[in-house]
Amino acid sequence: MTRLDVRKTYKLYIGGAFPRSESGHSYVVNDSKGAFVANASLASRKDARDAVTAARKAFGGWSGRTAYNRAQILYRVAEIMEDRRPQFVQAVVQSEGLSASKAERVVDEAIDRLVWYAGWADKITQVVGGANPVAGPFFNLSTPEPTGVVAVLAPQASSLLGLVSVVAPAIVTGNTVVVVSSYERPLPAVTFSEVLATSDVPGGVVNILTGSAATIGPWLAGHMDVNALDLTGIAGQTALATDLEVAAADNLKRVRRAPAAEPDWTLDPGTGAMTAFLETKTVWHPIGV
Amino acid sequence: MTSPFEYAPAPESRSIVDIKPSYGLFIDGEFVDGHGKAFKTISPATEEVLAEVAEASEADVAKAVKAARKAYDKVWGPMPGRERAKYLYRIARIIQERGRELAVLESLDNGKPIKESRDVDIPTVAAHFFYYAGWADKLEHSGFGSTPLGVAGQVIPWNFPLLMLAWKIAPALACGNTVVLKPAETTPLTALLFAEICQQADLPAGVVNIVTGAGETGRALVSHPDVDKVAFTGSTDVGRAIAKAVAGSDKKVTLELGGKAANIVFDDAPIDQAVEGIVNGIFFNQGHVCCAGSRLLVQESVAEEVLDRLKRRMSTLRVGDPLDKNTDVGAINSAEQLARIRELSDIGEQEGAGRWSPACDLPSNGFWFPPTLFTGVTQAHRIAREEIFGPVLSVLTFRTPSEAVEKANNTPYGLSAGVWTDKGSRILHMANQLRAGVVWANTFNKFDPTSPFGGYKESGYGREGGRHGLEAYLR
């Protein structure tokens, strides 16, 4: 008799724990060929609010860590992903319908991107900050600081590389995030959250909700304790993007607008995804004896 | 307490300024009639009518945007950076040459003391143009590329009329954009004099356009479809409305909005210096400053001493004629603003805070409010939460540094903060912990063209000044 396999329950990732949706709702996730894979948790408004609370709670500690420490932790995430490479390849094949060799390239790129961003942790300050030569006897220095809690709508097509490409730049500088995964391809995001949970990333720094960006997005865009909104994941959805940007204006969230189409994630990302969620702080002090 | 000093009046002559009876809009290099309802601008110190100013209708705004687009496509965009730089240097020089004239006009129209417009506003305006002039041919080193956006629609407030114009126009032009700027309806005159300066400098027609008017004109400008960039300084409410109006568009936006800055005084601070800093923080420019230190957080152990000395110092502030060279505190900019300051101050009293002002004779005409402080203020009081934008200080106390941080950050705003202490490591700790775009340690209200300015949270986004200020005008 063939052995019956043990299936995994795919859950949300909030505050370092793996709860089911508070609502008790789930939705069917199929593979790229339409075959049933799992019932994923369908995140509710309450789940989104819990995730924001967890992200806010984690912000002080995470942003207060040394840049060197955040670099080490992001590098550690890359290490654990590499360790689970076959699992991610399989997840990408299943979700995106890529050939095994293409999926391998996608996973490699995602791991390498984490390594790339890890290195930015202790360099971005020097690249975007600096001393200002004011016309007076003052020490004057500008440095970047994280914006705070960032709500991220993750790309719909690129379930892993796209996800890593929006999460890593936000957290490497000290922000904490609430991420809504791809709706139809959420499973690599859940597996990624299991990597985060075992990579010294403090609970609450990354919170991952599986479900609909169109449903959860408005709650996050209108949440007064969210400081910024990344709309990359709703590329091309102009009406929804406009509504979310309007809602975000209530507490003047920084908004990274939705592109017309999902970007090619294999291109050099540049620093824009990091600087979108940085504030410049300028400190003055008199010079004298 | 009677003052040991008696001052004879020392008014600056206003004969240096030639104010015309009426002004049109400045579009495509010429002054033209507006098609809205013309309005009067008055001196807030006397309520004397200074001039009648045209109101730009939606069609006038469209005409200005069209002129700016043409100038961008045909002249300013294609012009080499080093040539643009020379125009900006030329403008900076003319501002220096006509500095006194601009200062007198600013004090007349705005109500601020001549010593502030003469020694702070106008020199900083010239410095800002001089600074950004030098960037025009060095943009490839900026880190933001060197491609301009196109036409910038800019809306500025009445508290630093010409300085805010400089903060908007200088970087926009340096980066190769053309602009349509709307000055505040109560302070349009120095912007119109700036238009004449552009003519004197032979700046090509359409590169700078000035449209006067109120909220409707501003709305028409920021929502015009051919505007590529919106820059606004003003209230958080209007900032929110602008953020909603541009949602879903490709317009790049920077917003410099309100504040409720904490000015934190520790027990080891040099008290006399701190008192000067507190006075500068809240009474500079009648408190019409978005980054004003409107919440004094003083450590409990020195609260009594600080308050005693602060009251003594406030008693020596001279409130009155903005054109008098000895005046410290000028007129409130408008009847509307005075009403808001009065309303919030009355609410402060009703909510139980203790109100104090020095004895001072206020002129009978014009809009005046005495320097005022409130003691016994809690974080729940409206005067501790809402921006008053006037010479009103709320005093709160704290015991530990962490309590000071918590209270300072307990606001939806995040524009600026002040720290007064003798201990260097504490300054750096506080500077790290405060969620504000500008932190002044053992100083306050310092500005420089090289130093980026702008807020966290609901104080807006984007930076003005320095290399950082170029980002808003490049793609």
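The axes of helix 4 (residues 100–120) and helix 6 (residues 161–172), both of chain A, come within 9 Å and cross at roughly 10°. Angles under 35 degrees count as roughly parallel, and helix 4 of chain A and helix 6 of chain A are therefore roughly parallel to each other. The model described here is a predicted one. On the side of helix 4 of chain A, the contact is made by V106(A), E109(A), A110(A), R113(A), L114(A), Y117(A), A118(A) and W120(A). These residues meet L161(A), V164(A), S165(A), A168(A), P169(A) and V172(A) of helix 6 of chain A. By class, the residues of this contact comprise eleven nonpolar, one polar and two charged.

Chain A also contains an open sheet of five strands, in the order 7-6-5-8-9 and with parallel pairing. Its edges are formed by strand 7 (206–209) and strand 9 (254–256) of chain A; each has a single partner strand, so one side of each is left without a neighbour in the sheet. On average, and with direction ignored, neighbouring strands of this sheet are turned by 15° against each other. Within the sheet, strand 5 (residues 149–153) of chain A pairs with strand 8 (residues 228–230) of chain A through three bridges in the parallel sense. One position in this pairing is A151(A), whose bridge partner in strand 8 of chain A is L229(A). Helix 1 (residues 45–64) of chain A packs on the sheet and touches strand 5, strand 6 (176–180) and strand 7 of chain A. The direction of helix 1 of chain A makes about 155° with that of strand 6 of chain A.

Strand 10 (residues 278–286) of chain A leads from chain A to chain B, through its pairings with strand 4 of chain A and strand 17 of chain B. Eight of the nine residues of strand 10 of chain A are buried, so this strand is largely enclosed by the rest of the structure. Strand 4 (residues 138–146) of chain A runs antiparallel to strand 10 of chain A, and nine bridges join the two. In this pairing, E145(A) stands opposite E279(A). With strand 17 (residues 438–441) of chain B, strand 10 of chain A pairs in the parallel sense over three bridges. Here V283(A) stands opposite V439(B).

The contact between the chains can also be described as a whole: 32 residues of chain B are in contact with 27 residues of chain A. On the side of chain B, helix 8 (236–245), helix 14 (424–433), strand 17 and strand 18 (460–461) each supply at least two residues. The residues on this side of chain B divide into 14 nonpolar, eleven polar and seven charged.

Chain B has an open sheet of three strands, in the order 1-5-4 and with mixed pairing. Strand 1 (22–23) and strand 4 (39–42) of chain B are the edge strands, each pairing on one side only. Strand 1 of chain B runs parallel to strand 5 (residues 49–53) of chain B, and two bridges join them. In strand 5 of chain B, V53(B) is the bridge partner of Y23(B).

Note on methods:
Residues numbered from 1 in each chain as written. Chains lettered and ligands numbered in written order. Predicted model: local features only at pLDDT ≥ 70, side-chain atom pairs only at ≥ 80, totals over all residues. Buried ≥ 20, exposed ≤ 12 C-beta atoms within 10 Å, placed from the backbone. Helix = DSSP H or I, 4+ residues; strand = E, 2+ residues; numbered from the N terminus. Pairing = 2+ DSSP bridges. Axes fitted to C-alpha atoms, helices over the stretch in contact; angles between N-to-C directions. Parallel < 35°, antiparallel > 145°, perpendicular 65-115°, else oblique. Contact = placed C-beta atoms within 7 Å. Nonpolar A, V, L, I, M, F, W, Y, C, P; charged D, E, K, R; others polar.
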